[in-house]
Amino acid sequence: MIKPNGLHFFLFLSSIPFFITGFIGNVLVIHIVHKTREMHTPTNYLLANMAVSDVVSVMLLPLYDVVQYQLGSVNNNFEKFTCKSFALVQICIIVSSTSLTLIAVERYHALLKPFRTELRLSGDNVKKAIAIIWIISVLLSLPSFFLNKWSIEEDAVEANPCVGPWTLSMNQASKIYLIVHASIFFIQLTTMCYCYASLIKGLYFTNTVCPEETEGERGSERKKLVLTFFLATTGFLIGYAPGILFYTIVASREIQQEDLLLYSVLRGLRAVLDFLFSCTLCLNPVFYAFRSAHFKEGFKRLLKCEEPTSQNEIQLGA
């Protein structure tokens with residue numbers, strides 16, 4: 001059996017290709033949306049917003065892994081900085097989950113309630129919505145910045161840990177913060193599930209979503225887009241939801257100092273969950289490339305160093 005430190009090191013090395021792929025893929029998504037005028041739609045702006053948060057995450061997570069799992073010798077001040085900077089990763093996670101929720105709600109109203117235009121996003125208000133998303137995410141993550149502390153004490157629970165929310169060493173304030181965050185995530189999850197369940201039901205089963213277009217080319221494209229958004233949401237949930245559940249369970253009980261076996265198991269499980277989340281950061285560009293004809297064209301143009309042309313570019317969020 002691989003020892004915990006060996007497991008952490010193995011998973012960290014295994015995650016490096018996903019970090020690189022996630023960084024390159026999400027930067028390309030941002031570039032394509034920015035440079036292609038025809039893709040300046042509310043949904044595409046939200047997808048680019050998610051790509052920005054993923055880029056920041058893939059740059060910070062490797063540093064946090066090196067420090068948290070003691071994979072290398074680093075300066076003590078750098079350890080403290082990295083521990084505090086994990087709040088930035090938390091900001092990005094909230095940005096991604098909120099953006100996915102907004103996409104689900106926007107698609108729900110666009111396809112199931114097309115006449116309620118007051119609830120639709122436009123090119124003007126989507127930028128305000130993105131700004132609000134980041135402001136709310138910063139405010140919700142601010143407590144994490146103050147609660148995260150790098151402990152220099154050697155104890156039986158965790159040696160030199162970054163203690164605080166999302167760790168195995170949580171005080172009462174950290175546990176309350178985590179429970180509040182988990183509750184917000186549950187509300188978002190419920191909203192996304194309801195919106196996509198209604199859309200999938202209307203598109204594939206009851207044929208109540210634009211029935212006159214369902215069998216045509218435009219109807220097929222609508223189905224493909226909804227499925228693409230659903231897959232992107234599912235990928236995020238697969239990477240993040242198990243972690244939420246794991247830390248909620250950890251927060252519900254006290255880890256005794258003498259319970260070294262339990263701690264060792266939890267630390268190994270946490271490393272596996274962190275690796276799973278790292279893998280999902282590169283999924284969205286892959287989904288867009290294989291499920292979206294217009295993003296596929298955008299990736300091809302970048303590889304061929306061609307300029308975007310309006311003739312062969314189709315909107316994703318039309």
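1. A quick definition to start: a residue is called buried when its relative accessible area is under 20%, exposed when that area is over 50%, and partly exposed in between (1.4 Å probe, protein chains only). Thr-280, with 11% relative accessibility, therefore counts as buried.

2. Before going on, some ground rules. This is a predicted model, where local features need pLDDT of at least 70 and side-chain atom pairs count only at pLDDT 80 or more, while totals for chains, interfaces and linings use all residues. Residues are numbered from 1 along each chain as its sequence is written, and side-chain values use heavy atoms, with hydrogens and water left out.

3. Now the overall picture. The protein chain has nine helices and two strands; these are DSSP runs, with helices (H or I) of at least four residues and strands (E) of at least two, numbered from the N terminus. Along the sequence the pattern reads α-α-α-α-β-β-α-α-α-α-α. The chain has 318 residues, of which 48% count as buried. Its accessible surface comes to about 15800 Å², and 67% of that belongs to carbon and sulfur atoms. Such areas come from the Shrake-Rupley method with a 1.4 Å probe, and for residues only the protein chains shown count as cover.

4. Contact here means heavy atoms within 4.5 Å.

5. Back to Thr-280, which sits in helix H7 (residues 260-280). Setting aside neighbours within four places in sequence, Thr-280 is in contact with Gly-235 and Gly-239. H7 itself has 21 residues and reaches 31 Å from its first C-alpha to its last, close to the 30 Å expected at 1.5 Å a residue. That expected span is 1.5 Å times one less than the number of residues in the helix.

6. Which residues are the closest to the centre of the largest cavity? A cavity, on a 1 Å grid over the protein atoms alone, is a set of points where a 1.4 Å probe fits but cannot get out, and lining residues have an atom within 4 Å of a point. Grid points are joined across faces, edges and corners, and a volume is the space filled by probe spheres set on the points. The count comes to six cavities of 30 Å³ or more, and the largest has a volume of about 290 Å³. Of the 19 residues that line the largest cavity, Phe-86, Ile-93, Tyr-247, Asp-274 and Phe-277 are the closest to its centre.

7. Helix H2 (42-68), helix H3 (76-112), helix H6 (217-251) and H7 each supply at least two residues of that lining. By class, the lining of the largest cavity has eleven nonpolar, five polar and three charged residues. For these classes, Ala, Val, Leu, Ile, Met, Phe, Trp, Tyr, Cys and Pro count as nonpolar, Asp, Glu, Lys and Arg as charged, and the others, Gly among them, as polar.

8. Of its 14 lining residues, the closest to the centre are Asp-54, Phe-236, Thr-280, Leu-281 and Asn-284. H2, H3, H6 and H7 each give two or more residues to this lining, and H3 gives the most, with four. By class, the lining of the second largest cavity has eight nonpolar, five polar and one charged residues.

9. Helix H5 (residues 172-205) holds Leu-203 and also Met-192. Met-192 is buried, because its relative accessibility is 1%. Not counting residues up to four places away in sequence, Met-192 touches Leu-100, Thr-101, Ala-104, Thr-233 and Leu-237. Met-192 and Leu-100 are 92 residues apart in sequence, with 7.7 Å between their C-alpha atoms. Leu-203 is buried too, at 4% relative accessible area, and its C-alpha is 9.8 Å from that of Leu-112, 91 residues away along the chain.

10. Have a look at Trp-166, in the loop between strand S2 (162-163) and H5. Its phi is near 65 degrees, a positive value in a residue other than glycine. Most residues other than glycine have a negative phi. Trp-166 is buried, with a relative accessible area of 5%.

11. Finally, Gly-6 in helix H1 (residues 4-35). With a relative accessible area of 33%, Gly-6 is partly exposed. Gly-6 and Gly-268 are 262 residues apart in sequence, but their C-alpha atoms are 9.8 Å apart in space.

Terms used: On a 1 Å grid over the protein atoms alone, a cavity is a set of points where a 1.4 Å probe fits but cannot get out, and a pocket is an open set with protein on both sides within 12 Å along at least five of seven lines; lining residues have an atom within 4 Å of a point.
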